[in-house]
Amino acid sequence: MSADEETDVCIIGGGPAGCTCALYTSRANLKTVVLDKNPFVGALAITSHIANYPGVDKSMTGTELLDMMRDQAIQYGTDYKKTQVFMVDTTSEDGRKIVYTPDGIFKTKALVLATGAMGRPASFKGEGEYLGKGVSYCATCDGAFYVGEEVVVSGVNGEAVEEALYLTKFAKVIHWITNSEPNMEDHLTKTLLDEPNVKQWPKTKLIEVLGDGGGVTGVRVKKRGEEEEEEIKVEGCFIYEAGSKPITDFLTSGAVDKDEDGGIVVGDDMMTNIEGVFAIGDIRNTPFKQVVVAASDGCIAAMSIDKWLKGRKSYKVDWVHK
Ligand SMILES: Cc1cc2nc3c(=O)[nH]c(=O)nc-3n(C[C@H](O)[C@H](O)[C@H](O)COP(=O)(O)OP(=O)(O)OC[C@H]3O[C@@H](n4cnc5c(N)ncnc54)[C@H](O)[C@@H]3O)c2cc1C
């Protein structure tokens, strides 16, 4: 783990909300870092065409638009890091928020939560029961616990592939459960399948995570077209299936106010109930899940942060009527 880094603004999530906020805070000369789990798995990243974002051609893909947003923020000075946040501490006495990732610890004056709403409710039998006891959504956080063990990775998206590849450094066998066809054009998928300790289970569905008092002991799976379910003995189960729930699992339970559907509650300035902690985009779980809305939230939060950090009474826009 690298040494602690100090920033003015730390943004968790590099989707349109996070990138827009970073663009504005960087332009306001605030030292800004974006910590992004994976630029290919957020809601915009997986959108095939983005026909309704003002000013862009209807042929533009979500990934292309996101790349442009990220590049623009970086050009203005944002430090973009690909890493998954697994914990946040908002209780330190000096008011700084501490953000934990497998690649280092970040201390920040203002913290922005922008992780979207692609989280999954624990829906496989046993998934919720063994979450944190062998079930994980983060190989880069938990992979090192499985040296010489057998694990399962379930899912075919880019995140599943990268995380399974990461696990090849530690686990004895990675059972890769793929219900749909993985993208065989992708070089990382090919690299993964060439690894000697990866066993792919094609057309196979995860049915149940099995365990006992000590945690996960195996999984039950079912191959398409076959009657019988099979059991695989594993110590770890890494699940990468998309969902539609605000991603807040890295926050201490009860720390930030949420509504009954799990959306983070903010004021007009995008600040949560915790001073200096802001939430923007789909993580708010409003009915208005659109790229333009996420970008707008990012802009509002950035201007609020600038005012809040500089102790100003009014907002400063970066244009002036003459
Ligand atoms: C299939 C689909 C089609 C859509 N089509 C349209 C459309 O045509 N037009 C439109 O306007 N909107 C569309 N939307 C909605 C739009 O994509 C979202 O409203 C928008 O992307 C939300 O932006 P966001 O930044 O809040 O979240 P996201 O775009 O989801 O980005 C969240 C980011 O947070 C990162 N992250 C998550 N967890 C962590 C963690 N623990 N640590 C670090 N980083 C983390 C993710 O890797 C991701 O990069 C669509 C959504 C979907 C799912």
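I count a polar contact as a pair of N or O atoms within 3.5 Å. With that in hand, I opened the model, which is a predicted one.

**Entry 1**

I started at Asn52, where an N or O atom of the side chain lies 2.8 Å from a nitrogen atom of the ligand. Next I looked at Val85 and found a polar backbone atom 3.0 Å from a ligand nitrogen. At Pro16 I again had a polar backbone atom, this one 3.3 Å from an oxygen of the ligand.

**Entry 2: the shell around the ligand**

Which elements give two or more residues to this shell? I noted α1 (16-27), β2 (32-36) and α6 (291-310). I listed 32 residues around the ligand, and those that come nearest are Asp36, Lys37, Ala43, Asn52 and Asp282. Sorted by class, I had 14 nonpolar, 14 polar and four charged residues in the shell.

**Entry 3: a helix pair**

I moved on to helix α4 (residues 158-167) and helix α5 (residues 187-194), whose axes come within 9 Å and cross at roughly 35 degrees. I wrote the crossing down as left-handed. On the α4 side I found Val161, Glu162, Ala164 and Leu165, and they meet Leu188, Thr189, Thr191 and Leu192 of α5. My tally for this contact came to five nonpolar, two polar and one charged residues.

Definitions and conventions. Residues are numbered from 1 along each chain as its sequence is written. This is a predicted model: local features need pLDDT of at least 70, side-chain atom pairs count only at pLDDT 80 or more; totals for chains, interfaces and linings use all residues. Side-chain values use heavy atoms; hydrogens and water are left out. Axes are lines fitted to C-alpha atoms, for helices over the stretch in contact, and angles run from 0 to 180 degrees between N-to-C directions. Helices (H or I, at least four residues) and strands (E, at least two) are DSSP runs, numbered from the N terminus. A crossing is left-handed if the near helix is turned anticlockwise from the far one by less than a right angle, and right-handed if clockwise. Contact means heavy atoms within 4.5 Å. Ala, Val, Leu, Ile, Met, Phe, Trp, Tyr, Cys and Pro count as nonpolar, Asp, Glu, Lys and Arg as charged, and the others, Gly among them, as polar. A residue is near a molecule or strand if one of its heavy atoms lies within 4 Å of it. A polar contact is a pair of N or O atoms within 3.5 Å; within protein, one must be able to donate a hydrogen and the other to accept it, and residues adjacent in sequence count only if both atoms are side-chain atoms.
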